[in-house]
Amino acid sequence: MSILYNTDKTLRERVSDCLEDDFKHNAIRTAQEVFYVKRGELVEEMGDGWQQLRLHSMEVRNHVTENLDYYVKQFATNAEANGCVMHYAPTGDDALWEVLDIFEKHGATYAVKSKSMMTEEVGLNEVLENAGIKITETDCAENILQTAESKPSHIVVPALHFNRDAIADIYREKRGYTGSSVPEEITHFLRKILRDEFMEAEVGIRGCNFAVASTGSVTLVTNEGNGRMVDSFPKVQIVFVGIDRIIPDLEALDTMLALLPRSAVGAKMTAYFSLDSGPRGAGEVDGPEEVHIILMDNGRHTLANSEFKDMLRCMRCGACLNICPVYRHITGHGYGSIYPGPMGIVLTAGLAGYDQIDTMAFACSLCGACAEHCPVGIPIHDLIRQHRMNIVEQGKNHAVEVPIFKGLELFWSNKPIYLAAMKAGRPVMKAIARGEDALDENSVWIPVVKGWTSTRDFDVLSETRFRTWFKEHKKEQAKNGKGGEQ
Amino acid sequence: MKVAFFPGCMVDMIYPEIGIAAVNVLERLGCDVEMPDDQICCGQGLINSGYRKENATVARMIVDAYETSEYDTIVSLTGSCMNAIVNDYPIVFKDDPVYLERTRKLGERFFEFTDFIVNHLGVTDVGASFHHSVTYHKSCHVTRLLGIVEPPLQLLQAVEGLEYREMEHADRCCGFGGTFSFKQPEIAGEVVYEKCRTIIETGADVICGADVPCLMNIKGALSRMRSDGRLDRDIRVMHIAQILDARE
C-alpha cells in the first residue's frame, strides 16, 4: 500500500513541519484563493444549472455504484471488443503483477507515464524501478516530484509546494539544466528532454478520468498534452482504471466533463481531452499497437458496500481541498497521504484502514465547506465523522481519551453532577487564572486544557448559571404580574 | 407568543449575559419565554468525536426536557446546538426507534434565534441601537448547515447606528470544531488566527456571530493576540443577541 507516505513521523509532527515552512504554507494558501475565486465565478455564471448538473451527476454515479458489477462487465466487454486486453485486479498487488507480466512479455525496460492516482496508490514506480525498469513521469508537476524525490502536496497540482526558483534548481542539480527560473524556459527544457523519452519508451502508462461502459472507452483530461503523447507514442499502452471511474455512457461523460475542470481548476474545459477506444486500427497512423487495461478494485467494492459508498462518486477534482480551512494550512504533506484534504481523509481511512492513519480522521473541524463545494454532492464531513464513529466503535481510539468522553457523557446528562462541577470549577479556574477571567498560556501545563490554551485564552466559568438567572427572572415577572408581554 | 428557550451549555456555563440578552430581546418582541430546567447540553462534542452512544445518553435528556414543554416553538440561541438536535440526533438515535421518532418530531419545533425573529415573528428592526462598526462571522452551522444566511444580516442592518463591515471569507470556519480544538491545537490555532486577521482587517470595533462556540474560540484567540502584541486594540466579541439588546 502506497497511499500513505512519511509515516515515520506522526501527523502532529508532519503538521508542525508544514506550519513552519512559510513558503509552502503561503503557496498553498495563495493557490487555494485562486482556485476558489475562479471556480466561484464559473459556478455563479451557470446559475441554477450548476445545481442541476450536480444532481444529475449524483444520480448517474449512484446508479453505477448500485450496479457496479453490471457496469464493470459492460465496460470490460466493450473494451475487449475494441481490441483491448483486460486485466482484472482485485488488489493493488494483483495490478502490479499484471503490469510486470506485460513488461516481461515484451522484454520492455523503459516506460513513460502520465499522471495517474491509481499507479500512485499501488506504488507502481518503485516496483518497476526495483524490477530494473526505467519509468519517467511526463506530467510536468509529477516530473518535478520524481526528479526532486518529493511527494505530492495536492491531488490536482501535486508540485504546488515548489516555486519557479526551486524547480529550476532541481533541474540544474539533477538534469544539467543551465537556464533561468522563467517558467517558459524550464518548460521548454522539460519538453526537449521528454520528447526523447517519448520516442524511446516501449510502454506508456496512464490513468483514466472516466471509463465509458457503453463504448469501452477510456478518457484523459489534461492541460499539458504530455498525456496524449503517452497514449499515442509507445507501442504498448497500459491504462490504470479504478472501477469507480466507470460511467454508463457518453451522455454521462458530458455531465461529468462539465463538472470536472470547473471544480478542479476553475476552467470551463481543459486544453486536452482524449477519448481512446482501443489500439491503433487498420489504416490508422498513430496510437499503440497493444492496449492493456488494468481494471483495479483495491478496496472499492468494499467501500461500495459500506456506509462510505457515496465516496465512489468522487472524481478527484480537488474542489474540497481548495476550500478546506485545514488543508490550506497543513497541505497534502501534513496528511501524509497521496489523497489529502477532506476527500483524502475519507478515502485514506477507507482504503488504508484505521490502524494506519494516525489521527488523520480527527484533523478536520467538520465545517462542511467540502460537502458544499463537492460537485458530486458527497457529504464528506459526515463521512469523516462516520470514520470517527467506527474508530471508537472498533476500539481503535486512544484509551486515554475514553474516560474523558465518558466523563462528559455523565457531566452533560446528570444535573446534580453538572451543577456541582460548575460550583467547584469556578474557584479552581480562577485560581489557575490568578484571579483573571481567562486561562492564559500559563496554564499549558494542564493536560487537555493545554490543547486550547497553547494558542487561545479560555474564559473562566461564570459566577452564576444562566438557569439561575432565568429562574429569578421568572419569579420577578410573576411577582410583577408580567408574563413577558409588553 | 409562547416559546421555549434553548440557550446551549456554554451560555449556562460561561456566558449567561448572552442568554440574558436573548431573553430580553425575545420578551421585548412579545414572547413569553420558558425554559425547562432539566436540560444541559446537546452533546454534539461526543458524536463529533465518534462517541455516538455516549451522545445518546445526553440527547435523551434534551428530548425529554423539550418534548414535554407546552410551547410549540423552541428557540435555539446557538446554531450548532440546533443543528445537532435537528440533523445529528437522527444519527445519534439510529438504533433507538422510539427516540428516533420523538427527536424527528421535536426537530420540527426548533428555530434558530435570528431565523425565528425574522421569519417567524416577521421582525427585522428590533429597536436596538448600537453606534459601532460591526463585522459578522458567518458560522458554518448557522450559514452552511442550517442554511440561515440573510436573517442575521437583516437584523444587524436594521440596528440604528450600526456600521456593518463584511470580513473576507466571512463564511470560512473559525477552527473551533468542538474537540478538534483540543485534539489538533496547532491546526485549530492556525485557522482561528487567520479568521482573526480577517476580522482585524475590517477595522471593526466588534465581531459578532450567532454561534456561541465560535465566539468563544475567536474571543480566546483575539485575547491571546492582544496580550502577545499581535493586536494593538480591543475588539469586542459579542453574540448577535447582545447587539439586538443594546442601547448604546
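How far apart do the C-alpha centres of domain 1 of chain B and domain 2 of chain B lie? In this predicted model, the two centres are 22 Å apart. Chain B splits into domain 1, covering 2–119, and domain 2, covering 123–244. Where these domains meet, 28 residues of domain 1 of chain B are in contact with 26 residues of domain 2 of chain B.

Now for chain A, which is divided into domain 1 (1–46 + 318–397), domain 2 (68–303) and domain 3 (402–480). Between domain 1 and domain 2 of chain A, the C-alpha centres are 24 Å apart. Here 27 residues of domain 1 of chain A touch 26 residues of domain 2 of chain A. Helices H2 (22–46), H14 (319–323), H15 (327–335) and H16 (341–352) of chain A are the elements giving two or more residues to the domain 1 side. The largest share, 10 residues, comes from H2(A). That side of domain 1 of chain A is made up of 17 nonpolar, seven polar and three charged residues.

One residue of chain A gets a look of its own. A:Glu66 sits in helix H3 (residues 48–66) of chain A. A:Glu66 counts as exposed because it has 12 C-beta neighbours inside 10 Å. Although A:Glu66 and A:Ala304 are 238 residues apart in sequence, their C-alpha atoms are 7.8 Å apart in space.

Methods: Residues numbered from 1 in each chain as written. Chains lettered and ligands numbered in written order. Predicted model: local features only at pLDDT ≥ 70, side-chain atom pairs only at ≥ 80, totals over all residues. Domains from an automatic or database assignment. Contact = placed C-beta atoms within 7 Å. Helix = DSSP H or I, 4+ residues; strand = E, 2+ residues; numbered from the N terminus. Nonpolar A, V, L, I, M, F, W, Y, C, P; charged D, E, K, R; others polar. Buried ≥ 20, exposed ≤ 12 C-beta atoms within 10 Å, placed from the backbone.
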